[in-house]
Amino acid sequence: MNRQFSRDEVALLRLFKRIQMRPSQHFYERMAAAPWSLHSSPANARPSFARLLATVVSVAVVLFLIAVPLRSLAQQVFHYFTQAETDVIENPFFWNPLLSNQR
Amino acid sequence: MEFVSAKLRGRARAKPYTSEVAFSQLFDSTHLIVFRYVYGVLGGPRQEVEDVTAETFLKAWRARDHFEGDREAAIRWLLAIARNEIVDRLRTRQRGADMVWLEDVELANSDLSPEQQLIENERWQQLQAIVQTLSEQQREIIVLRYMLGWKVKQIAAHLGMAENTVSVTLRRIIQQLQTKVQEQQKEDRA
């Protein structure tokens with residue numbers, strides 16, 4: 001009796017294994033918009049630490065690359081406007097006391 | 001510092017599905033179990049089964065802060081939510097508009113011979129007719145045992161029943177199926 005029962009159970013288990021039960025594509029599309037789905041809405045999207053770090057590093061590199069030529073350009077412009085006041089120009093008619101004594 | 005991290009670890013174990021990532025993983029690993037359970041207990045149609053499955057996870061998501069336990073406990077929790085949803089649906093379902101249990105599922109081809117597959121297909125139809133006459137709880141026992149592969153002990157614990165009651169129900173259904181098969185064979189011979 002028990003042996004028959006287990007045989008029948010095995011047969012039933014095999015039968016149930018053949019049942020194809022999977023949700024439709026529509027179900028998965030619906031679930032993709034569920035609140036726990038990470039790509040469902042921007043409000044639910046929480047950037048990971050690694051992604052945040054990568055963004056910060058990229059921004060820093062870009063700023064550095066932009067900053068070096070910009071600084072150089074700014075220095076050149078600054079120098080252009082200030083060179084007349086700071087640069088020393090040799091005066092050929094500078095008064096020399098030794099020369100005037102000889103005369 | 002150690003105290004804080006130990007406390008955080010304890011909290012993560014106690015309420016493991018509060019974050020989107022953890023709940024998403026729970027959904028990925030359990031949605032087929034919930035879907036099959038709902039299909040088996042509700043009986044169909046597919047659209048309604050999908051609605052109930054989706055509603056089950058949405059309710060679980062809303063109540064995730066109150067859940068504590070491991071994955072096995074989470075499955076039992078999800079099935080309990082699904083069961084409440086099924087009861088509501090069955091209550092509102094029109095009486096007399098009964099449909100055939102699992103009418104819209106298909107049997108996959110197996111490595112059995114065509115003759116054996118034909119016999120199994122007949123057995124499947126007989127089983128559908130038998131399950132149609134069962135109570136919701138008996139149907140749930142069949143689903144948990146044969147569709148989800150649970151052990152009698154697990155089913156009994158989940159349903160709050162004695163193990164013996166579950167075993168007797170299973171035996172009775174199998175006997176009914178055997179009787180049906182024999183009657184069919186007699187009819188075929190005649």
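# Exercises on a predicted two-chain model

Ring pairs join Phe27(A), Tyr28(A), Trp36(A), Phe23(B), Phe27(B), Phe57(B) and Trp61(B) into a cluster. The model is predicted.

## Exercise 1: Aromatic pairs

Solution. 
- Start with the total. A search over all chains of the structure finds 15 aromatic pairs.
- Take the geometry of one pair.
- Apply the cut-off. Planes over 60 degrees apart count as edge-to-face.
- Check burial. Buried means under 20% relative accessible area, and exposed means over 50%.

Task: Which parts of chain B does the pair of Phe27(B) and Phe57(B) tie together?

Solution. 
- Geometry: the pair of Phe27(B) and Phe57(B) is edge-to-face, with 4.9 Å from centre to centre and 80 degrees between the planes.
- Location: Phe27(B) belongs to helix H2 (residues 20-42) of chain B, and Phe57(B) to helix H3 (residues 46-62) of chain B.
- Conclusion: the pair therefore ties together parts that are 30 residues apart in sequence.
- Burial: Phe27(B) and Phe57(B) are both buried.
- Arg64(B) lies over the face of Trp61(B), 3.5 Å from the ring centre.

## Exercise 2: The two chains

Task: How many helices and strands does each chain have, and what percentage of each chain is buried?

Solution. 
- Chain A has four helices and one strand. Along the sequence, its pattern is α-β-α-α-α.
- Of the 103 residues in chain A, 17% count as buried.
- Chain B has eight helices and one strand. Its pattern along the sequence is α-α-α-α-β-α-α-α-α.
- Of the 190 residues in chain B, 43% are buried.
- Now look at sequence separation. Take the contacts in chain B between residues at least 6 apart in sequence: 69% of them join residues at least 24 apart.

## Exercise 3: An enclosed helix

Task: Is helix H6 (residues 136-147) of chain B largely enclosed or largely open?

Solution. 
- Count first. Nine of the twelve residues of H6(B) are buried, so the helix is largely enclosed by the rest of the structure.
- Name some of them. The buried residues include Arg139(B), Glu140(B), Arg145(B) and Tyr146(B).
- Find the cover. It includes helix H1 (2-17) of chain A, together with H2, H4, helix H5 (114-132), H7 and H8 of chain B.
- Look past the helix. Gly149(B) follows H6(B) and has a positive phi, near 70 degrees.

## Exercise 4: A helix crossing

Task: How do helix H7 (residues 152-159) and helix H8 (residues 163-189) of chain B cross?

Solution. 
- The axes of H7(B) and H8(B) come within 8 Å and cross at roughly 115 degrees.
- The crossing of H7(B) past H8(B) is right-handed.
- On the H7(B) side, the contact has Val152(B), Lys153(B), Ile155(B) and Ala156(B). They meet Glu163(B), Val166(B), Ser167(B) and Leu170(B) in H8(B).
- Sorted by class, this contact has five nonpolar, one polar and two charged residues.

## Exercise 5: Loops and backbone exceptions

Task: What does Val100(B) touch beyond four places away in sequence?

Solution. 
- Val100(B) sits in the loop between helix H4 (71-92) and strand E1 (106-107) of chain B.
- Val100(B) touches Gly43(B), Gln128(B) and Gln132(B), leaving out residues up to four places away.
- Val100(B) and Gln128(B) are 28 residues apart along the chain, and their C-alpha atoms are separated by 7.0 Å.
- At 37% relative accessibility, Val100(B) counts as partly exposed.

Task: Where are Leu102(B) and Pro45(B), and what marks the backbone there?

Solution. 
- Recall the background. Most residues other than glycine have a negative phi, and most peptide bonds are trans.
- Leu102(B) is not a glycine, yet its phi is positive, about 50 degrees.
- Leu102(B) lies in the loop between H4 and E1 of chain B. At 0% relative accessibility, Leu102(B) counts as buried.
- Gly44(B) and Pro45(B) are joined by a cis peptide bond, with omega about -5 degrees.
- Pro45(B) lies in the loop between H2 and H3 of chain B.

Terms used:
Residues numbered from 1 in each chain as written. Chains lettered and ligands numbered in written order. Predicted model: local features only at pLDDT ≥ 70, side-chain atom pairs only at ≥ 80, totals over all residues. Heavy atoms only, no water. Phe/Tyr/Trp six-rings, centres within 6.5 Å; stacked < 30°, edge-to-face > 60°. Helix = DSSP H or I, 4+ residues; strand = E, 2+ residues; numbered from the N terminus. Buried < 20%, exposed > 50% of the residue type's maximum accessible area, 1.4 Å probe, protein only. Lys NZ or Arg CZ within 6 Å of the ring centre and 35° of its normal. Axes fitted to C-alpha atoms, helices over the stretch in contact; angles between N-to-C directions. Left-handed = near helix turned anticlockwise from the far one by under 90°. Contact = heavy atoms within 4.5 Å. Nonpolar A, V, L, I, M, F, W, Y, C, P; charged D, E, K, R; others polar.
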